[in-house]
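Have the viewer open as you read.

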Amino acid sequence: MKKLLISGYRSYELNIFNQTDPKYLYLRKFLEKRIIRFIEEGVEWFVIGGQLGVELWAGEIILELQEDYPNVHLAIILPYTSFEENWNETNQELFKRVTHQADYVNFSSNKDYDSPSQLKGNQVFMIRNTEGAFLVYDRMNEASSDGKPKYLYNLIELYQEQSEYSLELASFDEIEFFIHEYIENYGEIEN
């Protein structure tokens, strides 16, 4: 697999509202470990949709890892123009930092937002142009199973009925296990 879609919960769905939150720091370590594993398995292109949360955090990590893995690339496929214009200043800065350093940025719809179909169309486009996906999505946790990643997960399941497409999920239990193991081996992360 050379092209992998990465997505998952939005920051607000995880109750992470700043980068000093310990949950953010551990989740970032978890994502970094998984991304490195994907790189070592042969992934060359990581594709995200530019959403706040898992997608942009993964984008930051991929850009940082390019120093050690120069053959790894980041593509951002945005669902429409002016995607981030209603975000607060901090989130817009993160978005600009990641998009300006990405290897490829484009839109699946070349106009401003006008309907939810642009979001679905963006997800379909990214699925069709990757060979697999990694989602931070806990489909077994009822409280979180209605989050935004559910729509992408459902589309991938439909796509898998017609095509061979790899899907790897990261559950809350898996992330929690990683955090406990990390603290046991390295101690707590300090801000």
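Q: Is Asn 15 buried, partly exposed or exposed?
A: In this predicted model, Asn 15 sits in the loop between β1 and α1. Its relative accessible area is 47%. Buried would need under 20% and exposed over 50%, so the class for Asn 15 is partly exposed.

Q: What is the phi of Asn 15?
A: Most residues other than glycine have a negative phi. Asn 15 isn't a glycine, yet its phi is positive, at about 55°.

Q: Which loop holds Ser 82?
A: Ser 82 is another non-glycine residue with a positive phi, near 55°. Its relative accessibility is 26%, so Ser 82 counts as partly exposed. As for its place, look in the loop between β3 and α3.

Q: Which strands are at the edges of the sheet?
A: The open sheet has six strands with parallel pairing, in the order β4-β3-β2-β1-β5-β6. An edge strand here pairs on one side only, which leaves β4 (104–107) and β6 (166–170).

Q: What is the bridge partner of Val 47 in β3?
A: Strand β2 (residues 45–48) pairs with β3 (residues 73–78) in the parallel sense, over four bridges. For Val 47, the partner in β3 is Ala 75.

Q: What angle does the direction of helix α2 make with that of β1?
A: Helix α2 covers residues 54–65 and packs on the sheet. The strands it touches are β1, β2, β3 and β5. Taking its direction against that of β1, you get about 135°.

Q: Why is α2 called oblique to α3?
A: Two packed helices are described by the angle between their axes and the distance between the axes. For α2 and α3 (residues 89–101), the axes come within 10 Å and cross at roughly 45°. Under 35 degrees would be roughly parallel and 65 to 115 roughly perpendicular, so this pair counts as oblique.

Q: What is the handedness of that crossing, α2 over α3?
A: On the α2 side, the residues that meet α3 are Leu 56, Trp 57, Gly 59, Glu 60 and Leu 63. Their counterparts in α3 include Phe 95 and Val 98. The crossing of α2 and α3 is left-handed.

Q: Which element gives the most to the largest nonpolar core?
A: That core has 57 residues, and those with the most contacts inside it are Ile 6, Ile 35, Phe 46 and Phe 134. Ile 6 is in contact with Ile 35, Phe 46 and Phe 134, among others. With nine residues, the top contributor to the core is α1.

Note on methods. Residues are numbered from 1 along each chain as its sequence is written. This is a predicted model: local features need pLDDT of at least 70, side-chain atom pairs count only at pLDDT 80 or more; totals for chains, interfaces and linings use all residues. Side-chain values use heavy atoms; hydrogens and water are left out. Two strands pair if DSSP finds at least two bridges between them. Helices (H or I, at least four residues) and strands (E, at least two) are DSSP runs, numbered from the N terminus. Contact means heavy atoms within 4.5 Å. Axes are lines fitted to C-alpha atoms, for helices over the stretch in contact, and angles run from 0 to 180 degrees between N-to-C directions. A nonpolar core is a set of buried Ala, Val, Leu, Ile, Met, Phe, Trp, Tyr and Cys residues joined through side-chain atoms within 4.5 Å. Buried means under 20% relative accessible area, exposed over 50%, partly exposed in between (1.4 Å probe, protein chains only). Angles under 35 degrees count as roughly parallel, over 145 as roughly antiparallel, 65 to 115 as roughly perpendicular and the rest as oblique. A crossing is left-handed if the near helix is turned anticlockwise from the far one by less than a right angle, and right-handed if clockwise. Lists of a residue's contacts leave out its neighbours within four places in sequence.
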